[in-house]
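Hello,

Please find the structure below. My notes on it follow.

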Amino acid sequence: MTAILLFGLFFILVFLNVPVAISLGLASIVILFLDNGLTSLGLLPSVMYATISSFTLLAIPFFILAGVIMEYAGISKRLIDFANVCVGHRKNGIVLVTVITALFFAAISGSGPATVAAIGAILIPALVKNGYPKNIAAGLIASSGSIGIIIPPSIAFIVFAVVANDIVPITISRLFIAGIIPGLLLAVALVVASMFVKRTNVTQDVKAMDSEVAATLNLGKKSSSKEIASAFYKAIWGLLIPIIILGGIYGGIFTPTEAAAVAVFYALIVGLFIYRDLKLKHLKNIFIDASVQTAVVMLIVGAASIFSYIITTQRIAQTISEAMLSVTENKILILLMVTVILLIIGAFIDAISAFYLLVPILLPIMLHIGVDPTTFGVFMTVNLAIGLFTPPVGLNLYVASGIARISLKDITKGTIPFLIASIIVLLLITYIPALSNWLPDLLGM
């Protein structure tokens, strides 16, 4: 009864367009009050503080701040220019530029919406100029941006590790490495899907979208060795960021949290003294933007931690697990059931909330049927990454539609080929554990 009331209240509030964090908090407060009156509400501060004050979660505000600094520093433009001179001359070159740039920026920001915002204003007009319908262009950007929470460093993997460690030991470092091959597979799938999209004659007007850079992308023209070297030199400082972060972590030089702090320091040095696009007057807006984004994430984490606490202490997780296993213990069917559940949930709530809601319930089931926690962490994250460009609440859709100035309905149609391709990759990752585990096992993570 408690489980029905808890989840029922939460989904009713979500469908009433109450913000997810508020929905989580209100549903939890009602259950706590009904369970033990006002005295039980005294648990709220202690549970929230214990979760938010985690040293591991300190990596989140640092990675967010680093991503904002890099956006102001002009790194995204240089990454696009480098990808353009390397592959822009090829057939479907603009698609390759888009996906490769998304991979680069994903390895810097760790966030899906941030990746869409950073590359969308430049590449959506460029895609339209090269014959792709505007909704397809925006759909490709929205789906490419979802790679941001799969390719390391990933904020999603940090949160999953924090939640899952209450059940089974798992390191952020292993999850980071495990996300590399699935992220690359997803990128390849998006490129393949774009080949089946019907292009129009290149007559569409992109001036209204205010992108000077789009006009400077010399697609179709093979760049000289000198141009490639010049673009590489300009982009090298941005390309070094994921190498420094991951190399430092796996070299044992610093922890993921310390790596995030190093990323902030490095981004400031590059922006202020190397690229010089970043000015001291920008720092105020940078800290405000990063603080707002961090506050949103931490509010969700705090509210979700109470929800997760109730799921655990009220034995809701165990009850649901036993109910699912009573239906079937067939590994293939259970994985399919979980995948469908995650795809549906991901369409309505963000990844961080989903981790706190579902990991306590689903991870014990996965362990019972012999699924490695790393595999589960990766395929759950890929599921929720797909949710970023799935209506009605896909954050990437809203960011991309705002940049392209089209309706949510139009951009949703444009994501269909990329959604199909992504689900195919998701099923491969779900049923072939080696795609997640081979690389971290090889590196001894």
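In these notes, contact means heavy atoms within 4.5 Å. This is a predicted model, in which local features need pLDDT of at least 70, side-chain atom pairs count only at pLDDT 80 or more, and totals for chains, interfaces and linings use all residues. Residues are numbered from 1 along each chain as its sequence is written, and side-chain values use heavy atoms, with hydrogens and water left out.

Confidence comes next. pLDDT is the predictor's confidence in each residue, from 0 to 100. The protein averages 82, and 93% of the residues score at least 70. Helices are DSSP runs (H or I, at least four residues), numbered from the N terminus. Among the elements, helix 19 (residues 373-387) has the highest mean pLDDT, 92. Helix 12 (residues 212-216) has the lowest, 46. Over residues 202-216 pLDDT stays under 50. The model has 27 contacts beyond four places in sequence for residues 202-216. Where pLDDT is low, the predicted coordinates should not be read in detail.

Now threonine 257. Threonine 257 sits in helix 14 (residues 256-274). Its relative accessible area is 6%, so it is buried (under 20%, 1.4 Å probe, protein chains only). Beyond its neighbours within four places in sequence, threonine 257 contacts Phe55, Thr56, Leu58, Ala59 and Phe62.

Last, a helix pair. The axes (lines fitted to C-alpha atoms over the stretch in contact) of helix 17 (residues 331-346) and helix 18 (residues 351-368) come within 12 Å and cross at roughly 180 degrees. Helix 17 is therefore roughly antiparallel to helix 18 (an angle over 145 degrees, on a scale from 0 to 180 between N-to-C directions). Helix 17 brings Ile334, Leu335, Val338, Leu342 and Ile345 to the contact; helix 18 brings Ala354, Leu358, Leu362, Ile365 and Met366.

Best wishes

Note on methods:
Helix = DSSP H or I, 4+ residues; strand = E, 2+ residues; numbered from the N terminus. Buried < 20%, exposed > 50% of the residue type's maximum accessible area, 1.4 Å probe, protein only. Parallel < 35°, antiparallel > 145°, perpendicular 65-115°, else oblique.
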